[in-house]
Amino acid sequence: MIFGFSILGLIVILILLFIFSESPQKLHRLVISENKENLTFNNVNKLKIKGFDIENREVKLKQVKWEVNEGGTIDTKGKFKAGKEEKTVIISASVGDIKTEIKINVVKPTLETFKIIESNNDRNTSTKNRQLNIISKDQLGYDLPIKNISWSKNNDYYIDSQNKLIFSSQASGKYTIKAIATDYNKTAFIDIYISKVSTNFTPRETTPKSVVNRLEITPNFVTLKPEQSQQFNIKGYDKL
């Protein structure tokens, strides 16, 4: 009888273990990752979030509510875009009554990288027109568009509104091109080389044209019968 109760108790324990092992995990905490401590104006930080139960096992999240107090915007997928004002932004994420938050400092961009490069297709030194490109990045490595650029001037070239460098036909040698980002007081230089096109012309020797001075018909004497035909040939000579 005791043996029977032992078997029955073991079966109940196994059933309970099965039920609890298959029961849904309960969300205990949220963790935001991929967050950056600082972000410059108008740039984007795509945040990621994970949920864990009390035993630190990952829980699949169905719907996350994202919120930001001010200083930027955030969409339903956790993509935060910084505003245009320096401040510390608080971003929160919640699932039901479980909530977490992070802070991001929105900072004013400063011009850290400013340089001029040539288009890869325009490096032939005999080419008079060159396409120049500006590379400009802020202190965090984000692209920083430059609106006001002042270019150097020279009698042998000019630079149009599309940053195209156009040389005159007389231009040759080395030219140092300068660009100034006036809003940031930053200067960049690039050296451009234009090869000198040779204007020396040596006429090619040509064979003088022959002038016909004499014609000769062959045969020069023939006797023909009535209605008989004869083929004559003619040759021209340049000397008498």
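Biologist: What are the ground rules on numbering and confidence here?
Modeller: Residues are numbered from 1 along each chain as its sequence is written, and side-chain values use heavy atoms, with hydrogens and water left out. The model is predicted, so local features need pLDDT of at least 70 and side-chain atom pairs count only at pLDDT 80 or more, while totals for chains, interfaces and linings use all residues.

Biologist: OK, how many helices and strands does the protein have?
Modeller: One helix and 19 strands. Those are DSSP runs numbered from the N terminus: H or I with at least four residues for helices, E with at least two for strands.

Biologist: Which strands make up the open sheet of four?
Modeller: The order is β2-β10-β9-β6, with mixed pairing. Two strands count as paired if DSSP finds at least two bridges between them.

Biologist: And which ones are the edge strands?
Modeller: β2 (38–40) and β6 (65–68), each of which pairs on one side only. From one strand to the next, the twist averages 30 degrees; axes there are lines fitted to C-alpha atoms, for helices over the stretch in contact, and angles run from 0 to 180 degrees between N-to-C directions.

Biologist: Do β6 and β9 run parallel or antiparallel?
Modeller: Antiparallel, over four bridges, with β9 covering residues 87–95. Lys65 has Ser94 in β9 as its bridge partner, and Val68 stands opposite Ile91 in β9.

Biologist: What does Ile91 partner with in β10?
Modeller: Ile102. Strands β9 and β10 (residues 98–107) run antiparallel and are joined by nine bridges.

Biologist: What's in the turn of that hairpin?
Modeller: Two residues separate β9 and β10, and Gly96 in the turn has a positive phi of about 65 degrees.

Biologist: Switching to the surface: which residues form the nonpolar patch?
Modeller: Val212, Leu215, Ile217, Phe232 and Ile234, with about 520 Å² of accessible area together. Areas come from the Shrake-Rupley method with a 1.4 Å probe, and for residues only the protein chains shown count as cover.

Biologist: Where is Ile217 found?
Modeller: In strand β18 (residues 214–218). Ile217 is partly exposed, at 48% relative accessible area; buried means under 20%, exposed over 50%, partly exposed in between (1.4 Å probe, protein chains only).

Biologist: How much of the protein is buried?
Modeller: Buried residues are 27% of the 240.

Technical notes
Patches are made of residues with over 30% relative accessible area and no salt bridge: like charges are joined within 9 Å, nonpolar side chains (Val, Leu, Ile, Met, Phe, Trp, Tyr) within 5 Å. A salt bridge is a side-chain nitrogen of Lys or Arg within 4 Å of a carboxyl oxygen of Asp or Glu.
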